[in-house]
Amino acid sequence: MKNIFTDLQLVNLKTGQCTSGCALVVEDGRFVEITSTPGEGETISLNGGFVLPGLIDAHVHLVWEGQPDPAQYTITESPVMTSYRAARSAWQNLAGGVTTVRDVGGPHNIPIELAKAVKQGIVPGSRILAAGAGIAQTGGHGYFMCREADGFDEIRKAVREQVKAGADLIKLMCSGGAYTQGESIHAMQFSDKEIHIAVQTAKAAGKKVAAHALPDLAVKTCLEAGVDTIEHAALINDKSLHLFKRTGAFMVPTLAPYYLMATQGAEYGVPNYAVIKSQQVMEQYITSLKKVVSTGVNLALGTDAGSPQLPHPALPYEAWLWYKEAGLDPLTILKAATQGSAWALGLEHELGEIKRGYLADFVVYEKNPVEEITALHYPQYVYKEGQLAAGASVIWSVSLLHS
Ligand SMILES: [Zn+2]
């Protein structure tokens, strides 16, 4: 069926300009034309709203919902219960305008199964690319919901197990982080050779690799090994920025969880070790993010949605932090949240732009997010593959969940 969307202002994320007077023609879930003379078909007015491509969050954990200590219930709760939570998170992302997410870690491979359920139309939600269980060294970062593996053979096997389970990508834990007790954020995890073997094994299966890495040494080692995205990259120096440029890898900064834990974590009941580690990270994190933009490193927008105090969708909040704390301009932020993330996920030929032949994922806003980044909090309509996924009343009820 052919649908013609009219009465809209199309936001051009290359120039920041808006075009009115054009119509989006959608057929079989894809944009077939962007034109001022759309011809016959069912016409749908978007009430003069500003239209952006569907947003893409490149780093979420659907199994978490913003609880103070995600590790605690990930260990104690039944996989069935955790699956219900994940399904709700996928729906909340969609209703918030985040039409695609990349899930970089959940127990029992729940995100992989949920991705299939959404694809088959069993539950409504954002399109999901899922790593399933991350791979960590014994006792490494997030081990409580990872596949632990040590040594070359075991790491090879762990990657192959994830591929067999249907993972879209491989997630490696290559340094310490905030939530895991007893590890330093400065500590490298896995040896150089282990990381190389994991990446080689993943590439042989045609899978991209996302590496959790905060300190400079871990970031450099992962980039040299050929990973596709570095998650967080909070403590980096100029040399690794150049290495990003040389390899073409994407950086996926996630300011929100560290910012929230550092500033409000103690009163929210976040474990003390996580609060302290987040406070240690914040200042350098913001300085690095400013440099990333001036260096022209490939940037995708991720959030760590689901982390303490950060329910889904977290993308509008992360975007606001990039603007307010790191001083990035809205166009850079919105490009990272659409085209940048699409490239990082390997979906650059289908998503991230409003373009002929691309999947018809788009979001309509009353105010222009290029002029006011906080407009991302208030989508009016969300369309996924040309179908209305959520309208204002549903979106408001989802936002009430977070108030
Ligand atoms: Zn994460």
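Predicted model: local features only at pLDDT ≥ 70, side-chain atom pairs only at ≥ 80, totals over all residues.
View A. The side chain of Arg147 makes a polar contact with the side chain of Glu161, at a distance of 2.7 Å. Leaving aside residues up to four places away in sequence, Arg147 touches Ala133, Gly134, Ile135 and Ala136 on one stretch of numbering, and also Glu154, Lys157, Ala158 and Glu161.

View B. His59 belongs to strand 6 (residues 55-60), whereas Asp304 sits in the loop between helix 9 (272-295) and helix 10 (315-324), so the pair ties together parts of the chain that are 245 residues apart in sequence.

View C. The protein chain is divided into domain 1, made up of residues 2-53 and 352-401, and domain 2, which spans residues 55-345. The centres of the two domains, taken over C-alpha atoms, are separated by 28 Å, and the contact draws 30 residues from domain 1 and 28 residues from domain 2. Between them, domain 1 and domain 2 bury about 2200 Å², with 70% of that area on carbon and sulfur atoms. Of the area that domain 1 buries against domain 2, Leu13, Ile373 and Lys384 supply 27%, more than any other three residues.

**View D. Polar pairs across the interface, and the side contributed by domain 1.** Two salt bridges are found across the interface of domain 1 and domain 2, and the count of residue pairs in polar contact between the domains is six, with both residues at pLDDT 80 or more. In a salt bridge shown here, the side chains of Arg127 and Asp361 meet at 2.7 Å, N to O. On the side of domain 1 that touches domain 2, at least two residues each are supplied by strand 5 (42-53), strand 15 (362-365), strand 16 (379-384), strand 17 (387-391) and helix 12 (392-401). The residues of that side of domain 1 divide into 19 nonpolar, six polar and five charged.

Methods. Residues numbered from 1 in each chain as written. Heavy atoms only, no water. Domains from an automatic or database assignment. Contact = heavy atoms within 4.5 Å. Buried area = accessible area lost by both parts, 1.4 Å probe. Salt bridge = Lys/Arg side-chain N within 4 Å of Asp/Glu carboxyl O. Polar contact = N/O pair within 3.5 Å; in protein donor to acceptor, adjacent residues only side chain to side chain. Helix = DSSP H or I, 4+ residues; strand = E, 2+ residues; numbered from the N terminus. Nonpolar A, V, L, I, M, F, W, Y, C, P; charged D, E, K, R; others polar.
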